[in-house]
Amino acid sequence: MGYNCVVCAKQVPDTKQITGDAMKEDGTVNRGALPTIFNPEDLNALEEALAIRDAHGGTVTVLTMGPPAACDLLRESLFRGADRGILITDRRAAASDTLATSYILACAVRKLEPDIVLCGRQAIDGDTAQVGPQLAEKLGFPVVTYLEQLQSLEDDVIRVKRNVGNGWEVVSCKLPVLLTVMETANTPRPRAARRMMKYKKALAPLELADADAGQLDTLKEKGLLLEAWTLDDIGAEMAWCGVDGSPTKVHRIQSVVLTGGEYHELPPTDEGVAELIGELIEEHTIG
Amino acid sequence: MANFYTDNEDIQFHFEHMDVAGLAGVMEEGFRFHDEFEFAPTDVEDALDNYRRILESLGELAAEEIAPTAEETDLVGNTLNEDGSVTRAPGIDNALKRLAQAEVMGFTLPYRFGGLNCPQLVYTMSNDIISRADASLMNIYGLQGIAETISAFASEEIKQQYLPPMASGKWTGAMVLTEPDAGSDLQAVKTRAYQDEDGNWFVHGVKRFITNGCGEVLLVLCRTEPEISDGRGLSLLVVERGEKVKVRRLENKLGIHGSPTCEIFFDNAPAKLIGERQRGLITYVMSLMNGARIGIASQAIGIGEAAYRVARDYAHSRKQFDTAIENFPAVRELLVNMSVDLQAARTLTYYSTYYVDQEYGVLREMEFGNVEDKDRRRQLKQKSRKLGRCNKMLTPMSKYYASEMSMRVSNDSMAVLGGSGYMKDYPVERNLRDSRITTIYEGTSQLQVIAAVAGVTSGTAGTFLEMRLDRDWPEDVAPLIGKIREGMDIMAECVEFIKSQPGTSYRDLHARRLVDIAVYLVVASLFCDHAAVSEKKKKVAEYWLQWRMPEIHMLKEQILSGDMAAVKEFEALAGPVPVTE
């Protein structure tokens, strides 16, 4: 039997390309100054979904929330093998925190009736790792975080090896399920040349300068229309979206500059090592 | 993310500067394929954008996934199992899987077989990128010429059978030519092919030094006419891997350890004839070989690129006598010479490939274009002959120059790294070992020189240079053109002298020197083309001529010396064959 997979992915600033103007004066990320990329672990989530489809059949739909520019992420997903791409875009969704984001995503995911929802473990811009579990809670799905290996998938039971930091846990659970995927789970497949040649022409209606119905029909006919949903399309209640739906308030942002301080040498003996470990535990560096 | 295309200014410069758009027009035949294949481009811009995206994507794959496995692949190599199967290094296996997923294993094949219909030039760029990541992977990736040969010469039935799985990366191929007693001299091939009463073909014999001989699709050069002992008695057959094809041995080589080099025994293996009998060597293998020579040239360039980058980086960070070693004139000169040498080889090879694409386009128009107009047909015929002559000279020149460059650059890279370079800690020793084969296989440097020198003595080189120089030059480039013309006069004088000597020995003895002069001038003419649009390239062109012109004068003196001692005084100078007790 085939499984319908929905991958939730995010376009993020490329934090490897950080320059002096990467932060605004108020301490928030200056998104305009950084190139955007596919959040790395979301690519691992996509790969996991594609592998499920390769092995069992079904579909892979990629869902992203963001400005129209996030269509690049959907096209990238299609290059790598996704069947369908949906953008949730709405000015009223701006400034959503993880709670509002997971609410909005939940409204959209429900419409898609998936068997398996896959998210990256966390995004490199916020590093919260909250959206996946929050989304599962809202959907009423069990959640398995930190997937490192999908061990089996039979009928409606999935078995997953998850990384718990100091070891692994193997868990089974019933579908539908939400998985968050780690970088170590797989290596994302490359873009397929012919898919790239085709889907580079895929467009969302809002990317067309003056979209007429004929143009939209042609795109749709060729399978090149990216869907764009508004909050109204997914029946979201405004009170739970955007600024209103976001209880997270940034209290203060501090720029921490790590500098080297004093050091002292320890002898390379058993006693020296024991002393070093003692000091590291005392300073809460380890343990 | 690391990317071997976007971090390589020189490849990008060529992509932007060369007439890739013109080649796209030729390949897409008026962009008629889009009606049948939705992914095929609709216009020139669309096609160029495709090429760029494909190279970018490949550049990322090469840098992120392939290059990091090259060291392990070199260490592990291939294993011949007891059942005659070959296990490749894990890095190579993974890379082949990725390349198949990336849909680039039918780079130049027509769309209808699952290919990308790209020009050879773009494929050559991709070979350059792959070889920089792992030279030995290129030996399998770069064997796409096998499929091209099937596409160009085999029957529709054979094409349908073999091309789709090759384009999808499910099957790989091998060109099976060499035998224990037939290396450079392929006319001596002994492997037999014969037909049974029902007309089925079978192949019997031993082949040696076969790159990727464990692949699924083997193009085997066989003697089908036992009564004809030279090249005219040879035909090309396709054999599928199976019980009757036994890999007996894997060679233990100096370099390219990821590439399995097999000895194969064909035990009356079932086969199919490619094209017509007796055209195996003289038409099909020659065509296959020319493509393969460009392939090896691009492999050599990729290796050179890898070696150069290590040296450039090392010279910047390594401090001795309180300063980075890049500040010492001797090291600077090493690095500059490496960089310019590398650019020269790339320019020569890319332009050669460009002319191959041009020739291919003309041939295609003649064959399939339904050209009714007599004048146009005559025009096309003339153009094809002219391009054919050019390519017969430029292809061996590229293979010769690029492979020798690869050795020089890897060697100099080791000079920059010193003791560290000699250790396994840096990839330079691998680059040096890998580069060595490029001057040997697909025809040694000595054979390339013999193939290229005919183009110099017959006047093709002069005509080609005239064609390249025949344009309006910016004022600041004009002095360089003057120097090239001076070099052309010297070349003509040398050709005349060589022609005045009796027999062919003198020509063969001095062929390398004459070809060097021609290569220096051809590269100079191409560099000047770049100098007209780029200040940076102008400096390269000036440096090139500054140092090559004195060499040209030296070569002239040697050629005009009339000295034949190496041939005539061989016994005295080389001494007797050493006898070991």
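Which residues of H8(B) are buried? They are Gly145(B), Ile146(B), Ala147(B), Glu148(B), Thr149(B), Ile150(B) and Ser151(B). A residue is buried if 20 or more other C-beta atoms lie within 10 Å of its own, exposed if 12 or fewer, and partly exposed in between, with C-beta atoms placed from the backbone.

This is a predicted model, where local features need pLDDT of at least 70, side-chain atom pairs count only at pLDDT 80 or more, and totals for chains, interfaces and linings use all residues. Residues are numbered from 1 along each chain as its sequence is written, while chains are lettered from A and ligands numbered from 1 in the order in which they are written. Helices (H or I, at least four residues) and strands (E, at least two) are DSSP runs, numbered from the N terminus.

**Chain A overall**

- Chain A holds seven helices and eleven strands.
- Its C-alpha trace spans about 75 × 50 × 40 Å along the principal axes.
- Chain A has 287 residues, and 39% of them count as buried.
- Two residues are in contact if their C-beta atoms, placed from the backbone, lie within 7 Å. Among contacts in chain A with a separation of 6 or more, 68% come from residues 24 or more positions apart.

**The sheet of chain A**

- Nine strands form an open sheet with mixed pairing, in the order S9-S8-S7-S10-S6-S1-S4-S5-S11 (chain A). Two strands pair if DSSP finds at least two bridges between them.
- At the edges are S9 (168-174) and S11 (227-229) of chain A, each pairing on one side only.
- From one strand to the next, the twist averages 30 degrees.
- S1(A) is mostly covered, with six of its seven residues buried.
- S1(A) runs parallel to S4(A), joined by seven bridges. Cys8(A) stands opposite Leu63(A) in S4(A).
- S1(A) also runs parallel to S6 (residues 116-120) of chain A, with four bridges. Here Val6(A) has Val117(A) as its bridge partner.
- S7 (residues 143-154) and S8 (residues 157-163) of chain A run antiparallel, joined by six bridges. Leu147(A) has Arg162(A) in S8(A) as its bridge partner.
- Helix H2 (residues 71-80) of chain A lies across S1 (3-9), S4 (58-65) and S5 (84-88) of chain A. This helix runs at about 165 degrees to S5(A).

**Domains of chain B**

- Chain B is divided into domain 1 (1-171), domain 2 (173-278), domain 3 (282-443) and domain 4 (459-570). These bounds come from an automatic or database domain assignment.
- The centres of domain 2 and domain 4 of chain B, taken over C-alpha atoms, are 40 Å apart.

**Where chain B meets chain A**

- 14 residues of chain B are in contact with twelve residues of chain A.
- H3 and H5 (90-101) of chain B each supply at least two residues of the side that touches chain A.
- H3(B) gives the most to that side, with six residues.
- By class, that side of chain B has six nonpolar, three polar and five charged residues. Ala, Val, Leu, Ile, Met, Phe, Trp, Tyr, Cys and Pro count as nonpolar, Asp, Glu, Lys and Arg as charged, and the others, Gly among them, as polar.

**Two packed helices in chain B**

- H2 (residues 20-28) and H3 (residues 44-66) of chain B pack at about 105 degrees, with their axes 9 Å apart. Axes are lines fitted to C-alpha atoms, for helices over the stretch in contact, and angles run from 0 to 180 degrees between N-to-C directions.
- H2(B) and H3(B) are therefore roughly perpendicular to each other (65 to 115 degrees).
- Val20(B), Ala21(B), Ala24(B), Gly25(B) and Glu28(B) in H2(B) meet Val44(B), Ala47(B), Leu48(B) and Tyr51(B) in H3(B).
- This contact has seven nonpolar, one polar and one charged residues.

- H8 (residues 145-153) of chain B is mostly covered, with seven of its nine residues buried.
- The cover over the buried residues of H8(B) includes H9 (156-167), S3 (173-176), S6 (217-223), S7 (234-240) and H10 (280-317) of chain B.
- Six of the seven residues of S7(B) are buried, so S7(B) is largely enclosed by the rest of the structure.
- S6(B) and S7(B) pair in the antiparallel sense over seven bridges. Val217(B) stands opposite Glu240(B) in S7(B).
- Ala330(B) sits in H11 (residues 329-368) of chain B. Ala330(B) is exposed, with 9 other C-beta atoms within 10 Å.

Note on methods. Parallel < 35°, antiparallel > 145°, perpendicular 65-115°, else oblique.
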